[in-house]
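Me: I am new to this structure and would like to go through it step by step. Please show it first.

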Amino acid sequence: MNRAALIWRLASFAVAAGFIALWQLIANLKLVSPVFLPGPDRAWAALVRGFSSGDLWSKLAGTLEHMVYGWFAASIAGIAIGEIIGSSRTMRTYVAPSLEFLRPLPVSAIIPVAIAMLGLTQAMALFVVSFGAIFGVGVGVLIDNLMGQVLREFFPLPAWRFPFQPGVFLRGA
């Protein structure tokens with residue numbers, strides 16, 4: 001490792017240590033209530049306590065399970081929606097504007113609506129995770145479908161048609 005890289009790495013650690021020290025100072029002076037901003041010492045102690053009691057491992061497993069199921073549901077729905085919109089001009093005309101209205105919404109903005117509709121349930125958690133992932137999958141499939149249509153126009157020969165048929169051209173999903 002050369003001297004510049006070593007200095008850069010040491011400076012990075014110094015900045016991180018400075019932020020942690022500032023965090024501890026703010027927590028010790030109680031500029032923010034400890035309920036909202038516990039110090040790094042209390043956060044570390046709670047982390048160690050959670051892992052040693054085994055409680056944190058079960059919560060981590062539950063969170064990962066929600067993520068996998070939500071991503072799976074979003075993949076199925078996103079591929080279906082992207083396929084439908086990408087292969088039908090009518091659906092693009094009628095459905096795409098509604099989806100474009102919802103797409104820029106951050107997931108945090110949909111959480112109150114999900115709680116009001118579904119309560120604090122597993123279904124609400126899966127809905128929120130799926131909502132966060134569905135647009136990336138759907139837009140990827142839609143773009144791939146549109147690219148397939150463009151490529152079919154540029155390469156009208158029968159030998160070029162097969163790889164770009166809807167349902168096969170799903171790299172973006």
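**Helices, a loop and a packed pair**

Me: Which residue follows α1, and what is its phi?
Reply: This is a predicted model. Helix α1 covers residues 3-29. The residue after α1 is K30, with a positive phi near 55°. K30 is not a glycine, yet its phi is positive, at about 55°.

Me: Where is K30 placed, and is K30 buried or exposed?
Reply: K30 sits in the loop between α1 and α2. Its relative accessible area is 58%, and the cut-off for exposed is over 50%. K30 is therefore exposed.

Me: What span should helix α1 have, and how far apart are its end C-alpha atoms?
Reply: Helix α1 has 27 residues, and at 1.5 Å a residue these should span 39 Å. The expected span agrees with the distance between the end C-alpha atoms, which is 38 Å.

Me: Is Q24 buried or exposed?
Reply: Q24 lies in helix α1. A residue counts as buried under 20% relative accessible area. Q24 has 18%, so it is buried.

Me: Which residues is Q24 in contact with, leaving aside its neighbours within four places in sequence?
Reply: Q24 is part of helix α1, while helix α2 covers residues 40-53. With neighbours within four places in sequence left aside, the contacts of Q24 are G39, P40 and D41.

Me: How are α2 and α3 placed relative to each other?
Reply: Two packed helices are described by the angle between their axes and the distance between the axes. For helix α2 (residues 40-53) and helix α3 (residues 55-87), the angle is about 85° and the axes are 4 Å apart. Angles of 65 to 115 degrees count as roughly perpendicular. α2 and α3 are therefore roughly perpendicular to each other.

Me: Which residues of α3 does α2 meet?
Reply: From α2, the residues taking part are L47, G50, F51 and S53. By class, the contact of α2 with α3 has four nonpolar, two polar and one charged residues. On the α3 side, the residues are D55, L56 and W57.

Me: How many helices and strands does the protein chain have?
Reply: From the N terminus on, the elements run α-α-α-α-α-α-α-α. That gives eight helices and zero strands.

Me: What percentage of the residues in the protein chain is buried?
Reply: The accessible surface of the chain comes to about 12200 Å², with 74% belonging to carbon and sulfur atoms. The protein chain has 173 residues, and the buried share of these is 20%.

Note on methods
Residues are numbered from 1 along each chain as its sequence is written. This is a predicted model: local features need pLDDT of at least 70, side-chain atom pairs count only at pLDDT 80 or more; totals for chains, interfaces and linings use all residues. Side-chain values use heavy atoms; hydrogens and water are left out. Axes are lines fitted to C-alpha atoms, for helices over the stretch in contact, and angles run from 0 to 180 degrees between N-to-C directions. Helices (H or I, at least four residues) and strands (E, at least two) are DSSP runs, numbered from the N terminus. Angles under 35 degrees count as roughly parallel, over 145 as roughly antiparallel, 65 to 115 as roughly perpendicular and the rest as oblique. Contact means heavy atoms within 4.5 Å. Ala, Val, Leu, Ile, Met, Phe, Trp, Tyr, Cys and Pro count as nonpolar, Asp, Glu, Lys and Arg as charged, and the others, Gly among them, as polar. The expected span of a helix is 1.5 Å times one less than its number of residues. Buried means under 20% relative accessible area, exposed over 50%, partly exposed in between (1.4 Å probe, protein chains only). Accessible areas come from the Shrake-Rupley method with a 1.4 Å probe; for residues, only the protein chains shown count as cover.
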